[in-house]
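Please look at the two-chain model shown below before reading on. The report then walks through its contacts, its core and some of its backbone details.

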Amino acid sequence: MGFMNLFKSFLGSNWGVHPADHKRPAADQPVQRLPMAPRLHLMLSQHVGAPARPVVLVGQKVRKGELIAAAQGNISAPLHAPTSGIISAIGEITAPHASGLPGMSISLDADGEDRWLDLERPADPYALAPMEIANLVAAAGVVGLGGATFPSSVKLNLGRHSSIDTLIINGSECEPYLSCDDRLMRDRAAEIISGIRLMLIATGAGAAKVGIEDNKPEAIAAMREASSRIGEVSIVPVPARYPMGSDRQLILELAGREVPSDARAADVGVIVHNVGTAFAVHNAICLNRPLVSRLMTMNGKAAATPGNYEVPFGTLVSDLIAFTGGLHGEVAKMVMGGPMMGTVLPHLRVPVIKGTSGILLLDAAEAAAFEPENCIRCGSCVKACPMGLLPLEMSARIRNGDPDGAVDLGLADCIACGCCAYVCPSHIPLVQYFYHAKGDLSARQRTQLRTEATRKLALARQERLDREAREKVEAAARRKAERAAAAKATAAVDTQKQGETV
Amino acid sequence: MNATSLTAQPIASPHAHGGNSVSRTMFRVQIALVPATLYGFWLFGWPSFFLWLLTILSCLGFEALALKMMGITRIRRTLLDGSALLTGWLLAMTLPPWAPWWVAVVGGFIAIVVGKQVFGGVGQNVFNPAMVARVALLVSFPVPLTQWVYPLPLTSLAAPDFIDGLRIFLTSLPQPDAMASASLLGYTKTELSRGIDLLQSLAGEHAPVLSWIGARSGSFGESASLLILGGGLYMLACGIITWHTPVAVLAGIAIPAAIGHAVDPTHYLSVSAHILSGAVMLGAFFIATDYVTSPNTTTGQIIFGIGIGFLTWVIRTWGGYPEGMAFAVLLMNALTPVIDRFIKPRILGRDRKGKPLDIPESKGA
């Protein structure tokens with residue numbers, strides 16, 4: 001360890017951190033199905049973009065896979081019923097977010113039959129046109145299952161606007177504790193490869209590279225086996241290093257390309273999709289099954305049975321915990337997602353959403369919080385930052401109430417991966433500082449926009465009033481002139497008449 | 001600005017921590033100092049032990065006092081982070097081993113109160129506190145700060161015992177001439193000023209091997225280059241420091257020394273004499289690598305290190321003082337904010353100037 005550090009410090013490129021991964025034993029447990037919860041709550045906004053629009057009424061009977069909320073807008077995703085049952089309510093429920101704020105959701109009472117909608121399967125899915133694949137993926141509500149939840153069809157469609165040569169499939173799963181992608185690759189490699197082939201057709205890319213961290217030898221073996229006869233798909237083991245699964249880092253590692261900070265991956269000819277997304281694409285196209293459930297990890301010292309579970313969307317975390325054997329001791333912190341980037345849950349009555357890769361029930365020792373101390377400028381955060389930022393300088397600016405200074409230092413490029421706070425010997429919550437400043441700035445931008453809009457409106461009103469006043473004056477003048485002309489005319493007529501009479 | 005969201009218990013990710021802490025880092029640096037320190041005790045006897053102890057105690061005492069006067073409640077925790085202890089330790093390493101007790105007390109006061117707490121405590125100081133104290137002492141009390149003794153290992157007969165050591169430490173009587181000795185740098189400077197060139201003054205005197213094992217007069221903790229180098233390598237292996245600063249410091253002094261010595265060996269000391277004398281080893285590994293007062297990028301650290309090395313050589317060669325490490329460190333400390341302002345790491349996806357990289361022509365919409 002010590003001498004590896006010595007060696008690596010000579011190499012220079014030393015971004016990221018190596019957290020203890022805590023993936024086993026959960027990763028080695030076979031996947032389990034859980035009983036259906038009596039009531040599911042489907043958040044209308046569980047993807048990036050505009051929330052879905054409900055297309056069902058309360059009391060309506062739905063079958064599994066039936067559309068219950070449609071996408072609205074260009075970037076959005078539809079929702080489907082995860083089981084058969086009756087729509088019991090459309091209202092607010094606490095969103096799975098640290099704020100504990102509510103969000104709109106559709107509540108569905110399961111009838112216990114779990115009956116699928118009769119769905120027609122395409123005869124030869126690989127003969128479909130790129131456009132058709134993208135449309136089917138969109139209709140199935142598939143979003144990025146790595147956690148970003150960006151509607152996948154939008155990314156697939158990028159292939160038609162820019163030339164994509166490489167499809168990068170993210171199987172790195174660099175977050176500690178999580179093993180759902182690992183499990184999926186071990187158990188469903190053939191389906192994932194099928195999904196990758198469909199995505200290759202949809203994007204027009206010539207080759208796909210699947211990046212898997214080398215701490216998952218079983219997954220690498222399974223995926224190699226499944227892709228052995230598919231020439232376009234190559235499995236590439238990547239070093240286990242957090243945040244290897246961040247798209248910019250993975251693109252650099254696998255394609256050797258650096259994405260310009262104001263551009264997207266597609267601009268350098270690549271698109272990144274998660275292995276879970278590839279699996280969902282396979283289901284959407286080959287089985288014509290919409291995305292209604294996902295594989296997710298239950299882990300942490302306070303979880304009774306750590307492992308991976310197939311969970312329908314909308315299942316409450318409290319139901320999930322009950323189905324998996326309850327709590328093991330006292331839970332000190334509940335996290336949705338991984339420990340490096342996940343969000344704290346306000347309480348257990350929040351639903352699982354499409355982006356839920358795991359629920360962590362951390363005990364007191366795992367969730368130990370330390371009181372922040374002064375920055376000693378050790379530069380650990382600078383070495384750890386995968387984006388090449390200066391976290392210590394940015395946080396100093398933010399602490400002194402100068403978020404613009406932090407922006408000048410590259411705050412906008414921060415991916416909130418948490419490496420800086422993870423290595424900080426002074427336990428400074430750097431990511432919290434950055435979130436705070438980003439929030440502050442976007443609030444200010446909104447205010448600015450609003451002020452600008454108000455100013456424009458006021459200006460327009462003033463112009464209108466001025467114009468109206470001007471028009472009034474002009475109209476009055478015109479009327480006066482008309483009246484004068486008319487008077488003149490009558491006077492002339494009168495004199496004429498007088499003349500005639502005279 | 002909403003202050004509570006920055007001070008309240010953080011809820012933002014990450015929910016895991018690597019386990020490093022300020023006290024652990026400071027502790028490891030202290031471990032790295034132990035061999036050279038123990039060897040210093042053996043070489044210079046009881047007076048050096050008392051000096052070391054009192055310097056540390058006075059640093060801790062002044063830290064506690066300063067915190068109390070500022071109304072800070074977590075005194076105990078701050079003392080336990082080990083930073084004041086380390087400052088005192090480093091300061092003691094740079095003092096003449098038989099310096100009297102008040103040097104330790106005054107040094108501790110200058111280091112902690114003037115060098116650190118006035119700026120706002122740990123992490124806020126511009127200058128290395130130990131070096132501030134070292135330079136202030138040297139400028140204010142040149143005589144006791146340049147009185148070196150020849151190493152008298154504890155086992156030798158002439159070495160002062162516990163009581164004698166205490167007497168030397170507390171009374172600051174003039175040292176017996178037999179024990180007094182000049183450091184190599186001081187000796188050559190004096191001889192050069194008398195018109196005796198290096199080839200004559202050093203004839204048979206200087207052997208680098210003696211510096212490696214520390215058999216030379218000099219500051220308490222600086223004489224055994226080998227042990228300091230070992231401590232430095234330990235810190236490198238632990239990842240507490242990187243190679244950039246120490247290598248840059250050594251290169252900064254070695255390159256001009258090599259050129260000078262090649263041009264005129266009668267006036268310029270050799271590379272080994274420079275690197276193995278005085279505070280160069282300690283400075284390169286323990287002083288210049290101080291987190292707070294050095295630049296935070298590797299490129300910046302290389303510039304900083306070369307600056308320290310070069311200035312040290314310049315002061316030693318042409319300056320009024322035989323040793324220039326402390327001055328060089330302070331000068332470069334002053335430049336650290338400037339270096340940090342101009343040297344920034346390249347952000348991924350941007351060029352060195354911060355402009356986004358160009359989108360490749362063949363791709364894109």
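What follows is a short report on how the parts of this model meet.

This is a predicted model, in which local features need pLDDT of at least 70, side-chain atom pairs count only at pLDDT 80 or more, and totals for chains, interfaces and linings use all residues. Residues are numbered from 1 along each chain as its sequence is written, while chains are lettered from A and ligands numbered from 1 in the order in which they are written.

**The meeting of the chains**

Two residues are taken to be in contact if their C-beta atoms, placed from the backbone, lie within 7 Å. On this basis the contact between the chains takes 63 residues from chain A and 48 residues from chain B. On the side of chain B that touches chain A, two or more residues each come from H1, H2 and helix H12 (225–238) of chain B; here helices (H or I, at least four residues) and strands (E, at least two) are DSSP runs, numbered from the N terminus. By class, that side of chain B has 23 nonpolar, 18 polar and 7 charged residues, where Ala, Val, Leu, Ile, Met, Phe, Trp, Tyr, Cys and Pro count as nonpolar, Asp, Glu, Lys and Arg as charged, and the others, Gly among them, as polar.

**Domains and helices of chain B**

Chain B is divided into domain 1 (23–181) and domain 2 (183–216 + 241–343), with bounds that come from an automatic or database domain assignment. Their contact takes 18 residues from domain 1 of chain B and 17 residues from domain 2 of chain B. Of the side of domain 1 that touches domain 2, the largest share, 5 residues, comes from H6(B).

Helix H6 (residues 129–140) of chain B also packs against helix H4 (residues 83–94) of chain B, at an angle of about 40 degrees and with the axes 8 Å apart. Axes are lines fitted to C-alpha atoms, for helices over the stretch in contact, and angles run from 0 to 180 degrees between N-to-C directions. In this packing, Thr87(B), Leu90(B), Leu91(B) and Thr94(B) of H4(B) meet Pro129(B), Ala130(B), Ala133(B) and Arg134(B) of H6(B), and these residues divide into 5 nonpolar, 2 polar and 1 charged.

**The largest nonpolar core**

A nonpolar core is a set of buried Ala, Val, Leu, Ile, Met, Phe, Trp, Tyr and Cys residues joined through C-beta atoms within 7 Å. The largest one has 246 residues, and those with the most contacts inside it include Ile196(A) and Leu51(B). H2(B) gives the most to this core, with 20 residues. Leaving aside neighbours within four places in sequence, Ile196(A) is in contact with Leu167(A), Ile169(A), Ala208(A), Val233(A) and Ala278(A).

**Backbone details**

| Cis peptide bond | Omega |
|---|---|
| Tyr242(A) to Pro243(A) | near -5 degrees |
| Ser13(B) to Pro14(B) | about -5 degrees |

Pro243(A) is in the loop between strand E11 (233–238) and helix H7 (247–255) of chain A, and Pro14(B) is in the loop between helix H1 (4–7) and helix H2 (22–69) of chain B.

Asp114(A) has a positive phi of about 55 degrees although it is not a glycine, and Ala416(A), another residue other than glycine, has a positive phi near 55 degrees. Is each of them buried or exposed, or in between? A residue is buried if 20 or more other C-beta atoms lie within 10 Å of its own, exposed if 12 or fewer, and partly exposed in between, with C-beta atoms placed from the backbone. Asp114(A) has 14 such neighbours and so counts as partly exposed, whereas Ala416(A) has 20 and so counts as buried.
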